[in-house]
Amino acid sequence: MTEVNIILPRKNFDLVLNEKFSDGITGIYGPSGSGKTSLLHAIAGLEKPETGSIAIEGRMVFDKEKGIHMPVDKRNIGYVFQEGRLFPHMSVEKNLMYGYKKDGHNKVDFDEVVSLLNLGHILKSKPSQISGGERQRTALGRSLLSSPDILLLDEPFSAVDARLREQILPFILRIQQKVQIPILVVSHDIPDLLKLTNTLCLIKNGKCIGHGEYYDLLKDKTISAIFGANTLINAINMKVRHIDQDKGLTFLGWKKKGPEVLISCEKTTGVYQDGQQIKIFINADDIALATEKLNNVTIQNQVQGTVSDIIPRKGTLICIVDCGLRLVVEITAESQKRMGILKGSQVWCLFKSVAIDVAG
């Protein structure tokens with residue numbers, strides 16, 4: 001766990017935070033200039049708070065009262081800047097090895113990182129000879145090979161186009177699953193963050209206005225407004241239950257309480273195995289609601305649930321439906337009135353197999 005309790009003066013406001021960041025991936029989200037990058041800089045030691053303390057995995061790296069201000073190179077932090085910052089005169093291999101610890105105390109070895117990030121075919125290339133996505137993966141690899149206690153990613157997708165962004169996302173998920181270190185990811189794009197994690201810390205004008213589970217944050221009308229006009233998505237961890245090669249479908253399961261929720265998925269770019277854990281994404285406006293199960297329709301997935309919350313959102317309504325797993329569904333006020341959908345209503349969530357994206 002990383003604990004940050006600081007006051008850091010900025011030009012227009014003070015960054016005032018008292019937050020605990022759990023293991024796993026946490027998305028740091030907020031408007032431009034809200035203090036997101038300053039938070040990472042404070043943790044890394046690139047900026048010194050006026051007062052307070054910072055502890056990483058129980059190790060105090062800053063404490064104003066005790067006179068502790070550990071240098072950047074002693075904090076054991078992996079930091080990936082938005083532009084990568086690779087050494088242009090070095091090959092990919094030498095850039096990776098720059099972060100490798102020579103004392104043998106490495107959480108991952110070189111070949112493991114090369115395989116994990118699919119860098120084997122570009123090891124002899126210079127940064128100018130590879131794509132933006134490959135440069136970001138190299139920067140990730142260099143940070144991993146320093147065996148950090150925490151990984152900080154500052155706008156890791158801003159320097160790459162949408163196609164390359166979709167390539168980088170699954171690599172970050174694989175890193176966390178493999179190395180099991182906390183990762184803080186700064187982004188101004190909520191769909192990108194939700195493809196990585198449902199745990200968000202929302203920052204505005206130097207203050208944390210919400211920190212927790214995405215679905216819980218949506219319930220607070222004052223907080224949900226910060227998401228703006230972005231398309232809301234559902235990001236769900238599921239397990240592969242069956243692959244039907246003839247139909248071109250992958251059947252996925254999710255179970256926490258009650259009967260298992262099963263859905264079918266068509267947009268799979270990878271090769272999966274039964275029992276494999278994967279993450280899927282469904283846009284909130286790609287899900288339709290019905291008051292009863294429909295027969296003789298082409299929609300593959302019909303999942304029954306209960307409307308647990310209805311949240312107004314700039315001309316539409318967000319329904320949070322508890323299907324065993326929670327789904328966010330966007331509908332119009334006219335549809336709600338016509339169908340009589342209220343909190344507590346029993347509904348069916350309908351979405352096509354092709355509407356599901358899969359990480360990797």
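## Pockets and pairings: worked exercises

β7 (77–80) and α4 (132–144) each give at least two residues to the lining of the second largest pocket. Helices (H or I, at least four residues) and strands (E, at least two) are DSSP runs, numbered from the N terminus. The model is predicted, so local features need pLDDT of at least 70 and side-chain atom pairs count only at pLDDT 80 or more, while totals for chains, interfaces and linings use all residues. Residues are numbered from 1 along each chain as its sequence is written, and side-chain values use heavy atoms, leaving out hydrogens and water.

**Exercise 1.** Find out how far α4 reaches and how covered it is.

*Solution.* First, the 13 residues of α4 span 18 Å from first C-alpha to last. The expected span is 1.5 Å times one less than the number of residues, and the value for α4 is close to the 18 Å expected. Then apply the burial cut-off (under 20% relative accessible area, 1.4 Å probe, protein chains only): 12 of the 13 residues in α4 are buried, including G132, R137 and L144.

**Exercise 2.** Characterise the largest pocket.

*Solution.* Begin with its volume of about 800 Å³. Of the 32 residues lining this pocket, N198, E213, A235, N237 and W254 are the closest to its centre. Among the elements giving two or more residues are β3 (25–29) and β12 (233–244); β12 gives the most, with six.

**Exercise 3.** Trace the pairing of β10 with its partner strands.

*Solution.* Strands pair if DSSP finds at least two bridges between them. β10 (residues 199–204) runs parallel to β3, joined by three bridges, with Y29 partnered by L202. On to β11 (residues 207–213): six bridges pair this strand with β10 in the antiparallel sense, and T199 has E213 as its bridge partner. Lastly, β10 and β11 form a hairpin with two residues between them, where N205 in the turn has a positive phi of about 50°.

Key:
1 Å grid on protein atoms, 1.4 Å probe; cavity = no way out; pocket = protein on both sides within 12 Å on 5 of 7 lines; lining within 4 Å. Points joined across faces, edges and corners; volume = space filled by probe spheres on them. Buried < 20%, exposed > 50% of the residue type's maximum accessible area, 1.4 Å probe, protein only.
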